[in-house]
Every structure is written in structure tokens, then in C-alpha cells.
Amino acid sequence: MCNDVWVRVRVGVPRSRNQAILALVGAALVVGCAVQLVRGALSLSWPKADGVVAYSEYMRGRRAIGVDIRYQYTTGGRTYTGDRFRFQFWTAARRMYGRDVQSLLGRYRVGERVHVAVNPADAADSVLEPGIDF
């Protein structure tokens, strides 16, 4: 015999302070992740500008490792400095494997010429690798 299990989810106004806090934290996480997802998707259509890598090192933390890459690019007759490598969720920004970090640092050496995706609405907003980082 098969027992069917039904889970009932009630959606409504939080009834306690703890439920309200949990709902606010959950909503903030959803919004924060959605913003990065949308911006990453939009960056695929941003125009490219020529740039050069100005700084390229690994970021080592207590339990995490990532990349710290800074670059300069020129658009509209002005020079800008950017440091966004990818549109990443804040929980995964410094959670890379050592071999991935070494590969990226080998690809983006100081002085290396790069193409930078630049936000057409704000030239100071840029990303080195456009798209969504899954």
C-alpha cells in the first residue's frame, strides 16, 4: 500500500515577531539573488570597451578563496577603473576551487588586454565576464 503525504503550506501574514523576521530575511535573500541574476543577464547585451588588467591576485580568506582582479577601460573619452569580475551571488563570490583561481589568474595577467562589458546607462558600471555565473 502506498501512503500519500500531503504537505500544506500556509501563506499569510506572519503571526509572531520571529516569523516576521524570517520572512524579511527570506525576502531580502530572494531580492538580492534576483538582482544579480537580472544584471548578469542584461550584461550580455552591454557594449564592449577595450581595457587592460591593472591588478590580478588571489583573495584568500579564512575558509574561502577567490580572485581580485582590477582593470581600466576607456569609453566615451573617459578612463574608468572596474573590479567586478562576474555577477556572482554574494554567497559564492569567494568560493572557488584553487585550480579555477589559478586558471583565471593565468588568463588575466597584469598588463593583459581585455574586453570589458560596460553598462550603457552608467559607464562606471562594468564587468569583465558578462553573463550569469551559475
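## Ground rules

Buried here means under 20% relative accessible area, exposed means over 50%, and partly exposed is anything in between (1.4 Å probe, protein chains only). This is a predicted model, where local features need pLDDT of at least 70 and side-chain atom pairs count only at pLDDT 80 or more, while totals for chains, interfaces and linings use all residues. Numbering starts from 1 along each chain as its sequence is written, and side-chain values use heavy atoms, with hydrogens and water left out.

## Overall layout

The protein has 2 helices and 5 strands, taken as DSSP runs numbered from the N terminus (helices: H or I, at least four residues; strands: E, at least two). Reading from the N terminus, the order is α-β-β-β-α-β-β.

Of its 134 residues, 27% come out as buried.

## Helix H2

Helix H2 (residues 98-107) has Val101, Leu104 and Leu105 as its buried residues. Looking down the axis of H2, these fall within an arc of 100 degrees, so they line one face of the helix; the arc is taken over directions from the helix axis to the C-beta atoms.

That buried set packs against strand E1 (48-60) and strand E2 (65-75), with contact meaning heavy atoms within 4.5 Å. On the face turned away from the buried side sit Arg99 and Gln102, both exposed.

## Leu29 in helix H1

Leu29 is part of helix H1 (residues 17-43). Leu29 counts as partly exposed because its relative accessibility is 39%.
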